[in-house]
Amino acid sequence: MRPARIITAVTLATAALVTGSYLAVSTAHPSAAAPTTPVTTHPVDPPKPPTPKPPTPKPRDPIIDRIPTPRPVLADGRYDSYIRTVDSRRNRLVVDLVQVFDGQAARDAAIADGMARDKAQYLGVYVRNQNPRLRTLPLARDLRLDLRGGDCEAPLNHQLAKLATDARAMSGPIHTYYFTLTVRGGAVHQVQEFLAINAC
């Protein structure tokens, strides 16, 4: 019986020792556990609305893109010219721009262009035409014609017929008349007729 009591005593002592050390470990260091970090909450941004996509551009017509925008043949202003063609059916003029000189400037320009001094000395007007380029200009709806000896009350088609006749008139190799055009928005709004030769 004595060995059984010894074994029981040893077992109990061992159990007490283990339990005591467990309790000692469990309670000796209560602060040894990992500290808990306070949880902080951050405000959550509301979801952003989706960015609208730009509208898809319509496909451009490559043929139209290649067509240049028409520019006026002449900028707004007044231009001296010979009229080569009066196209009343299409309401347009074909003109040849010139330079006009008066008085002493006419005589100097004529001499500079090779006219003899004794012939140039009597000039009151001189028309210089060094550029053969022709320009086609539309006639404005409010076209006004100021023709020498013309009837401003006559129908427009009659006035255009006289303009065509005067534009063809020649005094030898010289045009009898030159014309001053008033151009606005690319169209001719006024035509004034002047003698290109000395008046008798």
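**Close-up views of a predicted model**

**View 1. Asparagine 91 in its loop.** Asparagine 91 is partly exposed, with a relative accessible area of 39%. The model shown here and in the views below is predicted. Asparagine 91 sits in the loop that runs between strand 1 and strand 2. Its phi is positive, near 55°, and the residue is not a glycine.

**View 2. A salt bridge between aspartate 87 and arginine 92.** Aspartate 87 and arginine 92 form a salt bridge. Their closest N and O atoms are 3.3 Å apart. Aspartate 87 counts as buried, at 16% relative accessibility. Arginine 92 is partly exposed, with a relative accessible area of 29%.

View 3. The model has six salt bridges. One of them joins the side chains of arginine 84 and aspartate 96, at 2.8 Å from N to O. This pair links distant parts of the chain, 12 residues apart. Arginine 84 belongs to strand 1 (residues 77–87), and aspartate 96 to strand 2 (residues 92–97). Arginine 84 is partly exposed, with a relative accessible area of 37%. The cut-off for buried is under 20%.

View 4. Aspartate 113 is partly exposed, with a relative accessible area of 33%.

**View 5. The buried side of helix 3.** Which residues of helix 3 are buried? They are Ala106, Ala109 and Ala110. These residues cover an arc of only 100° around the axis, so they lie on the same side of helix 3. They pack against strand 3 (99–102), helix 4 and strand 4. Glycine 114 follows helix 3. Its phi is positive, near 105°.

**View 6. Helix 5, side by side.** Helix 5 has 13 residues. At 1.5 Å a residue they should span 18 Å, and the end C-alpha atoms are 19 Å apart, which agrees. The buried residues of helix 5 are Gln159, Leu160, Leu163, Ala164, Asp166 and Ala167. They cover an arc of only 165° around the axis, so they share the same side of helix 5. What lies on the other side of helix 5? There, Asn157, His158 and Arg168 are exposed. The buried residues pack against strand 1, strand 2, strand 5, strand 7 (174–175), strand 8 and strand 9.

**View 7. The largest nonpolar core.** In soluble globular proteins, nonpolar side chains tend to be buried together. The largest nonpolar core of this model has 21 residues. Ile83, Leu93, Leu163, Phe179, Leu181 and Val191 touch the most other members. Which elements each supply at least two residues of this core? They are strand 1, strand 2, strand 5 (135–146), helix 5 (156–168), strand 8 (177–184) and strand 9 (187–195).

**View 8. The contacts of leucine 93.** Neighbours within four places in sequence are left aside. Leucine 93 is then in contact with Ile83, Thr85, Val86, Arg135, Thr136, Leu137, Leu139, Leu163, Leu181 and Val191.

View 9. The model has one aromatic pair. Tyrosine 178 and phenylalanine 194 form it, and the pair is stacked. The ring centres are 5.4 Å apart, with 20° between the planes. Tyrosine 178 lies in strand 8 and phenylalanine 194 in strand 9, so the pair ties together parts that are 16 residues apart in sequence. Are the two partners buried or partly exposed? Tyrosine 178 counts as buried, at 8% relative accessibility. Phenylalanine 194 is partly exposed, with a relative accessible area of 29%.

Technical notes:
Residues are numbered from 1 along each chain as its sequence is written. This is a predicted model: local features need pLDDT of at least 70, side-chain atom pairs count only at pLDDT 80 or more; totals for chains, interfaces and linings use all residues. Side-chain values use heavy atoms; hydrogens and water are left out. A salt bridge is a side-chain nitrogen of Lys or Arg within 4 Å of a carboxyl oxygen of Asp or Glu. Helices (H or I, at least four residues) and strands (E, at least two) are DSSP runs, numbered from the N terminus. Buried means under 20% relative accessible area, exposed over 50%, partly exposed in between (1.4 Å probe, protein chains only). The arc is that of the directions from the helix axis to the C-beta atoms. Contact means heavy atoms within 4.5 Å. A nonpolar core is a set of buried Ala, Val, Leu, Ile, Met, Phe, Trp, Tyr and Cys residues joined through side-chain atoms within 4.5 Å. Rings of Phe, Tyr and Trp (its six-membered ring) pair if their centres lie within 6.5 Å; planes under 30 degrees apart count as stacked, over 60 as edge-to-face and the rest as tilted. The expected span of a helix is 1.5 Å times one less than its number of residues.
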